[in-house]
Amino acid sequence: MRILLGDEKELSTALHLAGADGAGLVAPFDPYLVSWNASRELLPKFEARLAGPLPSNPLLFPVGNMFWIRRSVVLAMRDLFGHNYPWPNEPIPDDGTEFHLIERLWPALAAQVGMDSVFVHKLD
């Protein structure tokens, strides 16, 4: 939360970046390389509706689904899964759930609507 909002001394630049033209997603930078893992098995039923092929492994995505995002990106995600899709809650933090697939797809959907993804590091 501190990366996205700031602390008692200063506001995070994420707030400014979230309002910048062309920014579709602003999220904390996670320095760990996380692969598709078991989420990749869920991708085939949605992949044909994406604008292009996805990488073998996602490079960056908002781990934990804490981020600022534009409405157009949210609508693209809704269109990808369908308007009446039963959005999952994360049952436990194990990979392989649709929740984790959605997490990994946010940057791809931002790109699909012509917007950038911006990842912000810790304030210190």
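Predicted model: local features only at pLDDT ≥ 70, side-chain atom pairs only at ≥ 80, totals over all residues.
The protein has 124 residues, and its secondary structure comprises five helices and three strands. In sequence order, these elements give the pattern α-α-β-α-β-α-α-β. The radius of gyration of the protein is 15 Å; a compact globule with 124 residues would have a value near 14 Å, so the two agree. Along the principal axes, the C-alpha atoms occupy a box of roughly 45 × 30 × 25 Å. The accessible surface amounts to about 7,500 Å², and carbon and sulfur atoms account for 57% of that surface. Of the 124 residues, 33% are buried. Contacts across the sequence were also examined. Among contacts between residues at least 6 apart in sequence, 74% join residues that are at least 24 apart.

The three strands form an open sheet with the order E2-E1-E3, in which the pairing is mixed. Strand E2 (68-69) and strand E3 (116-120) are the edge strands; each has a single partner strand, and therefore one side of each is left without a neighbour in the sheet. In general, the strands of a sheet pair through backbone hydrogen bonds, in either a parallel or an antiparallel manner. Strand E1 (residues 23-28) and E3 run parallel and are joined by five bridges.

Aromatic side chains were considered next. A pair of aromatic rings is described by two quantities, the distance of the centres and the angle of the planes. A search of the whole structure finds four aromatic pairs. In one of them, the ring centres of Phe-46 and Tyr-85 are 6.1 Å apart and the planes stand at 75°; because an angle over 60 degrees counts as edge-to-face, the pair is assigned to that class. This pair links distant parts of the chain, since Phe-46 belongs to helix H3 (residues 44-47), whereas Tyr-85 lies in the loop between helix H4 (71-81) and helix H5 (98-112), 39 residues apart. Tyr-85 also forms an edge-to-face pair with Phe-81, with 4.9 Å from centre to centre and 65° between the planes. Through these ring pairs, Phe-46, Phe-81 and Tyr-85 are linked into a cluster.

A residue counts as buried if its relative accessible area is under 20%. Phe-46 has a relative accessibility of 3% and is therefore buried. Phe-81, with a relative accessible area of 6%, is buried. Tyr-85 has a relative accessibility of 15%, so this residue also counts as buried.

Ser-12 is located in the loop between helix H1 (2-5) and helix H2 (13-18). The relative accessibility of Ser-12 is 4%, so the residue counts as buried. A polar atom of the Ser-12 side chain lies 2.4 Å from the backbone oxygen of Ile-3. Glu-41 is found in the loop between E1 and H3. With a relative accessibility of 67%, Glu-41 counts as exposed, because the limit for that class is over 50%. Although Glu-41 and Gly-96 are 55 residues apart along the chain, a distance of 7.6 Å separates their C-alpha atoms.

Technical notes
Residues numbered from 1 in each chain as written. Heavy atoms only, no water. Phe/Tyr/Trp six-rings, centres within 6.5 Å; stacked < 30°, edge-to-face > 60°. Helix = DSSP H or I, 4+ residues; strand = E, 2+ residues; numbered from the N terminus. Buried < 20%, exposed > 50% of the residue type's maximum accessible area, 1.4 Å probe, protein only. Polar contact = N/O pair within 3.5 Å; in protein donor to acceptor, adjacent residues only side chain to side chain. Rg over C-alpha atoms; globule rule 2.2 N^0.38 Å. Contact = heavy atoms within 4.5 Å. Areas by Shrake-Rupley, 256 points an atom, 1.4 Å probe, with all protein chains shown as cover. Pairing = 2+ DSSP bridges.
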